[in-house]
Structure formats: structure tokens, C-alpha cells
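Dear colleague,

Please find below the structure that I am handing over to you, together with its sequence. My findings follow directly after it.

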Amino acid sequence: MRPLNALAQARGTLFPWVPLLIGVGIGGWFSLSWEPGWPVYALAAAVVALCLALRLWGPEAGHPFVLAVACVALGVLACGLRVQMVQAPMLDFRYYGPVTGGVIKIDRSQTDALRITLDRLQLDRVRPSRMPERVRISLRGKVPGHAPFPGEVVMVTATLQAPDGPIEPGSFDFRRMAFFDRLGAVGYTTAPVVLWEPAPEGGSVAKLRRDLALALMREVPGDAGGFIAGIMTGDRSGLSRPAVQALRDTNMAHLLAISGMHMAFLTGFVFAGLRMAIAAVPPLALRVNGKKLAALVSLAVAAFYLALSGANVATERAFIMVSVMLGAVLLDRKALTLRSVAIAGVILLLWQPETMQEPGFQMSFAATVALIAGFRAVDRRVVAGHLPTWAMPVFTLVLSSVIGGFATAPYAAAHFNRFADYGLIANLLAVPVMGSVVMPAGAVAGLLAPFGLAGLPLWVMEQGAAWIIWVAHWVAGWNGAVTAIPAPGPWVLPLVTLAGAFVVLLRGAWRGLFVAPAVAALVLWVGAERPLVLISADGGLVGVIGADGRALSAPSGAGFAAQNWLENDGDMVSQEQAAARAGMQGPVGARRFDVVGLTGMALKGKGALELVEGACAGADFVVVSVPVPDVPEGCLLLGPERLRNTGTLALYPVPGGLRPEPSFGARRVWSSPRRPEGLAAVIGPKASRVASGQ
């Protein structure tokens, strides 16, 4: 009865558990290796209905339990509904030809190439039923063409294919993200873009965003202008790749992601400024409720900033929280900050459940919850009556950086495989400038721009942005600025989240429960097994773990796979350096490697076909990057035909040889329609395979 009594005493404070429990249902749905059908959703709906009935007519002591079960089932229902809302065709073949469509987004790829996203598509010889809703194309052409602009219809000759799946088994699924973004194909072009139809007359948010970004970058050149455009409009295309990398290496990339900090700086400046302006005019202050008017105007500014910035997850979360708090001001009620985060979480999880899998969602909510809980605890125990007024800003800055950095560190390390060792120092040098110089100057520039007087505040913004970029480059250049972190197993982040929830939401001795999931997460992270051998989906790259780290079979080609494999290993070397490691012998087109007593060969290039027969005679298995029409008898050949159905293939050591694990294993609505077939349970010595007839 003690747990029931504890729940009864906590009545009225349990709402923050709701998004966590909805997230449990969402996480369980995404972890399935098969696509749920209507019976699963019918069962979930029945569970919700039964729980609501028990809540209305059941014993009061059991209400928290039945509502908890209902929240989990509600998460499953939200996923099913979302799938039906976003489902759209994906290309199931490789396309080369003309692509015509309307420009809806412009950004940059990881290789710093300009990239456009198109809708209202026309593809040659593709039926409407198979036509993707959106495609994304990287512009790699050296011949200058038309500079695309949102709202325009453009035409370009491009190569397209369906988005790739995981780069290795268990890693982030890019195809799943593309499915929920309704992105049916990705590709590239080396041809110039041609304007097919100009943007229609009149304004749109996308056009306004791009106009403003270009105007800011014209007014403020270089990375400072790109930074300003990024924080004001969400358009980061003007920021150079080295600057972005420096911000990431110093844990300052959050300054670019329009989130709670930006929303708080902007709305706080508008709220305080308007209240002061009203109070400065006594006749007006006596007739107008300055507090409520300031809240109403601040809410409108926040909504405009949300639309202008492109409405990413962090911005949506921040807007919902700001709306709750400003709404409380309008209704003369006190805003419960932890409750406002929970409301934001519930809305986002039910509206876009797939965002729970994204680093932006996880890091944003982790930082916000930790800051609220941390300052609440410190305010009660330390600050009240103990610190002089002059020390409060410094104390607040240091504490917020420490708490925010600590809360987001596990998620950043898990998703980006790196830890910024000097991130606290960089943030202490940059965040005050962001809050006291850049964002206030941006708000003033926005107010003065219609009168042509934005020059001075933009100059102030430029100085602040230049300082932040300089700090990022300076700190990133220190020795040991970044520590590489290996990828964790699938249960690590759920356990970390559970441990954090216990610390924040439980009271008294119950908080000690956090120790168990925290220790389990650490043990699983440290003990996570990396694949001994990785083979890319096109057969062009093989990576083998050796004494010095993973050795790669080629110094170039399949660069995205190589980079991700090495990062997931916790290895920060380049592909070229990894290809020079011991573990691979022979020329680039015919590399030999030995693992657990087995010999493998990696053949690549035009001469690979001529080497297949000899490689099969002397190796236990052969990886080749070109189709082989006649496979020698008894040869275990891993070529494009077979790998096309497996995706990236991981090999793990087991008694008797290597256990293959394909990337294409899950049968989900977003997964590749191809299925891994014809793979032995264990890849063993060639002699034993021949003897057993494999």
C-alpha cells in the first residue's frame, strides 16, 4: 500500500509523467521489426477506452495506474495515425533524367553543397501513382546556373534514388526520417539549374525567410552574416562548413538551433521593453494593463518568429512553452514551468511522434527539464539570501551552462560520437554575448528595418556574431578539444532518460531508483560490441577492426559510410588514414584481410571481374563492387546483387566463423522492399562450406 499512498500524496504533480509514458509507447512502436496492422491499433484503442472507463468508475487508488497504461497505448495510436497521414510514394528504382518541381527549401549538405527540396514534381516516364511527393537534390555543378529561390519552379537533369537505410545495422535510419518528411527520393546533379516558372506574386513565409536571409548576408558578409541569418531565419546556407564544425566541436551548435534560448531572449526583450515603454507614459499606464498587453504582443512576436524560422522541433517546443507562460499572464494565473514543458512534450509527441527519435527533440527537452529542476533546487537551497546581487548573473550563467551541458552530454555523445571537452569554457564566453548583444540587437533591427534604420543594430549584431565565431574557432583549435565516443547500444538512451526522469520527478528516497538505470546504461555503453567487419551496400568498401582501429579497403569512395563507421567506432581519423592502417594487404583494387582465421578479399574497379576466380580459390569469402555473371562453384561472393538486398552487412565473430547481420532486416512501412535472403547463419572456412554443400 505504500506506493499507492505515495501516489495519492503526489496527486496534482503527476502530469509531467504523461509525456514520458506516451514516449514509452512511441519507443516500443518504433522498436518493432514488423509493421503493426489494424488489430494492434484496435487493441490500443480498446485499452485507452477501458482505462478511461476505469478512471471514471473504478477505485480512486488505481487511477494513476490506469492513466499510465492509457498514455502508453495513446503513444502507439499516435504513431499509427501519423503513418497514415504522411505515407507517400518512394522511388523503387534509380532515375536519371529531367526533374521539374517547386522549390520549398534551400540548405547545404554535409559536403557543403547547396541543396534544394522540390515538390509538385514532374519526372519523365514516372506514373502519378509512383511519383514522390518531394525530392532533395544536391547541386554539384561547376557551370553556374539559375540561383534557386523558394516558390520558383525549376528544372534540372538529376540522378535520383530512394533514400538510403541505416549505414550499418542498428544505426540511425535515414530512410525512416525521409518517410516522415515525405521525401520520396534524394540525388544530385552536375548540370545547371534552369528557371522554369518564376515565383508567384505575393508573399509567403518561405519567400520572406529567404529574402530576409539573403538581405542579412548581403549586409553582413562572411560567417558572421551566415550566423545571423541562421539564428533569425533558420537558413544556415550562408555559414561555411569549417564554422559549423567549430561550433559543433565546442558544444555551441545549440546557438544556431532556434530554440528556447532564442525564443526567451526575443520574447523577454519585447515583453520587458513594451512594459517599460507603457510605464514611462503615466496616462497610458493608468488606462492600459501594460503587463497583459506586453504578453499579447510578445505572443504574436513569438508566433511570427516560429513561422519565420521554419518551425523545427526545438522552436515548436519553445513556442508552446512561451505560449503557456504568456497565456498564464493573460489569465492572471501562475505558470508551472515543469508543467509547461510537459504540455509541450504531449503536444509534440502526439502530433509528430517520430521527432522523439531525433537528437534535436531529445537534447532540447533534456536541457529544458534539467534547467528547470536544477534552478528550482538551487534556488531553494543555495541562492536565497546567500549571494550578493552583483554575483547572480555570473552564478546563473555558470550554473545554466553546467546543467545544460551535463543534461545533453549523453545524447550528444550518442548521436554525434563526440564530447566537447572545453564546451563549458566556450559557452561561458559566447552565451552572454548572444543574450545581451546579438538577440536584442536583432529585435531592434527588426523594429527599425521598415524605416531604413537597421544599419546600426545590424553592425552590433555583426560584432557579437563575429566574436562567437572567433571563440568557436579558437577553442576548437585547442589540443584535446574533442573526445571521440563509440556508439552506444539501443537500450542506453532509454535507460539514461529513465534515470533522469527518476531524479527530476520522484521525491525523497524514491530518487535513489535512478542509480539502477544509470549504472545499467553505463555498463551497456562500455560493453557495446562493434562489428568486426563492415561491408558497404555497394560492395565498394570494407572495414576491418585491427589493433590500430578499423582499417578500410579504399582511401576514397563511399565516403559517407566510411565517416559514419569510424565515428561509430569512436575513431576520429580520416578515410585516407584508416585505409593506410595495417589489416589490409595488396593494391587498392584487390585488398586481402584476415579475421578470426578466415581470409577475405575486397575487389574493386574495372579489373575486379578478372580477379574473381583467383580470389575465390584463395579466400573464404570475396567482396566485389561489380556484378559477376558467373560465380565460381563453392565461392561465397558478396557482390552488388546480394548486398542490394541486405544493405550494409556487419559481421560479428562467433564460434565457427562470422555471423552476418544485414541492415535491411526490419519489415516496416518505410523500409526497403528488398529482403535479405540466401545468407548463411555463419560464414565459416571455405573447406567446411564446400563439404556441407553451401
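The buried residues of helix α17 (buried: under 20% relative accessible area, with a 1.4 Å probe and protein chains only) are Pro457, Leu458, Met461, Gly464, Ala465, Ile468, Ile469, Val471, Ala472 and Val475. Seen down the axis of α17, these residues fall within an arc of 155°, so they line one face of the helix; the arc is that of the directions from the helix axis to the C-beta atoms. They pack against α6 (205–219), α7 (222–233), α8 (241–249) and α16 (423–448), where contact means heavy atoms within 4.5 Å.

This is a predicted model, in which local features need pLDDT of at least 70 and side-chain atom pairs count only at pLDDT 80 or more, while totals for chains, interfaces and linings use all residues. Residues are numbered from 1 along each chain as its sequence is written, and side-chain values use heavy atoms, with hydrogens and water left out. Helices (H or I, at least four residues) and strands (E, at least two) are DSSP runs, numbered from the N terminus.

Helix α17 comprises 22 residues, 455–476, and should span 32 Å at 1.5 Å a residue; its end C-alpha atoms are 31 Å apart, which agrees. The expected span is 1.5 Å times one less than the number of residues.

As for α7, 10 of its 12 residues are buried, including Phe227, Ile228 and Ile231. The residue that follows α7 is Gly234, whose phi is positive, near 85°.

β12 and β13 (residues 598–603) run antiparallel and are joined by 6 bridges, and Arg592 has Met601 in β13 as its bridge partner.

Yours sincerely

Methods. Buried < 20%, exposed > 50% of the residue type's maximum accessible area, 1.4 Å probe, protein only. Pairing = 2+ DSSP bridges.
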